[in-house]
Each structure stands twice: as structure tokens, then as C-alpha cells.
Amino acid sequence: MKKPVRKDLAMTGEVTLTGKILPIGGVKEKTLAARRSDVKTIIFPSANRRDFDELLPNVKEGLDVHFVDDYSQIFELAFGYEENENK
């Protein structure tokens, strides 16, 4: 594609061969690390929404968090930004 991924994007987890996104551990630690790295957008597996919701509001503040359960959702978030910004 020769198209860069967004610079303010962080994602973690595993993708199965069928494109399913598996849950992760350490949501709090990964969220804090993203904040320290000036990341504005985080992609987490949908199965971890509850873990993220339990974090204190000051930990989640200023972050644009997306919860996905299929690779196609990640692809759009990572590479579809130019197309959306031009609309």
C-alpha cells in the first residue's frame, strides 16, 4: 500500500487467521504507557471494554479508544484516516 499508519495510534493484541481479535491482559498498564508516549488513539479488543471502563477517569482522559473484534475494523482505523479527513 505504501501508506503509513497513523502516528498517534497504538494497538495491542493478537489476530487469528480468520481475523478475530483476541482479548489481552494489562489494559491499565498499556493505557498508561500510551498516555506517556503521547498516543491519542488506542485500539483494544472488544472483549476488554469492561477492563477499560473500570479505569479511573483521569487515566482515560484525552484518549480516543476503539474496541474491535475483527481485523477489518483495525485496518480502517489504521489506514483509513486520510480518506475520512478529506471528506
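Modeller: A residue is called exposed when its relative accessible area is over 50%, buried when that area is under 20%, and partly exposed in between. Please keep in mind that this is a predicted model.

Biologist: Thanks! How many salt bridges does a search of the whole structure find?

Modeller: Side chains of opposite charge can pair when their charged atoms come close. The cut-off for a salt bridge here is a side-chain nitrogen of Lys or Arg within 4 Å of a carboxyl oxygen of Asp or Glu. Searching the whole structure on that basis gives a count of two.

Biologist: Which residue forms a salt bridge with Arg 50?

Modeller: The closest N and O atoms of this pair lie 3.6 Å apart, and the cut-off is 4 Å. Both partners are exposed. The partner of Arg 50 is Glu 54.

Biologist: And is Asp 8 buried, exposed or partly exposed?

Modeller: Asp 8 meets Arg 6 in a salt bridge, at 3.2 Å from N to O. The relative accessibility of Asp 8 is 24%. Buried would need a value under 20% and exposed one over 50%, so Asp 8 is partly exposed.

Biologist: Let's turn to helix α4. On the same side or on opposite sides of α4 are its buried residues?

Modeller: Helix α4 spans residues 71-79, and Ile 74, Leu 77, Ala 78 and Phe 79 are buried in it. Around the axis they cover an arc of only 165 degrees, which means that they share one location: the same side of α4.

Biologist: How far apart in space are Ala 47 and Leu 22, C-alpha to C-alpha?

Modeller: Ala 47 sits in the loop between β4 (41-45) and α2 (49-53), and its relative accessible area of 54% makes it exposed. In sequence, Ala 47 and Leu 22 are separated by 25 residues. In space, their C-alpha to C-alpha distance is 7.5 Å.

How values were computed. Residues are numbered from 1 along each chain as its sequence is written. This is a predicted model: local features need pLDDT of at least 70, side-chain atom pairs count only at pLDDT 80 or more; totals for chains, interfaces and linings use all residues. Side-chain values use heavy atoms; hydrogens and water are left out. Buried means under 20% relative accessible area, exposed over 50%, partly exposed in between (1.4 Å probe, protein chains only). Helices (H or I, at least four residues) and strands (E, at least two) are DSSP runs, numbered from the N terminus. The arc is that of the directions from the helix axis to the C-beta atoms.
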